[in-house]
Amino acid sequence: MSDTVPEPTAGDETAETEAGTDREPAAPAPLNVPRTPTGNAEVDAQLERLGDADHLTTDGHVEVYEDVHRGLRDTLTALDVRPGPPAPSPSSPSPSYGQHRS
């Protein structure tokens, strides 16, 4: 048994392909990853945007992923900005405080 690799012969296309000398890059193909709706329109729109990467070569995926990440981050940040119920004042005691002391 030998650890050496045999030299390819002139008509041996398999050896050339395995060595990677004449390979063409694979064409973009959809990954068909299911995207389950979340019920939040803003988040769902960002998840659908991920489908744009299906038609790009892998070096184009980064731009789509960064765009989606930015959109999701903006959506989460907007949750902090929305007004909610007023927070209880830390200096005022709760209404039941001291009423039922024994």
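User: What should I know before I start?

Analyst: In this predicted model, local features need pLDDT of at least 70 and side-chain atom pairs count only at pLDDT 80 or more, while totals for chains, interfaces and linings use all residues. Residues are numbered from 1 along each chain as its sequence is written, and side-chain values use heavy atoms, with hydrogens and water left out.

User: At what angle do α2 and α3 pack?

Analyst: Helices are DSSP runs (H or I, at least four residues), numbered from the N terminus. Axes are lines fitted to C-alpha atoms over the stretch in contact, with angles from 0 to 180 degrees between N-to-C directions. Here α2 and α3 (residues 58-81) pack at about 175°, their axes 9 Å apart. The two helices are therefore roughly antiparallel, a label for angles over 145 degrees.

User: Which residues of α2 make the contact?

Analyst: Contact means heavy atoms within 4.5 Å. From α2 come Glu42, Val43, Gln46 and Arg49; among their α3 partners are Val64 and Leu72.

User: Which residue forms a salt bridge with Glu48?

Analyst: Side chains of opposite charge can pair when their charged atoms come close. The rule asks for a Lys or Arg side-chain nitrogen within 4 Å of an Asp or Glu carboxyl oxygen. Glu48 pairs with Arg35, the closest N and O atoms being 4.0 Å apart. Glu48 sits in helix α2 and Arg35 in the loop between α1 and α2, 13 residues apart.

Terms used
Parallel < 35°, antiparallel > 145°, perpendicular 65-115°, else oblique.
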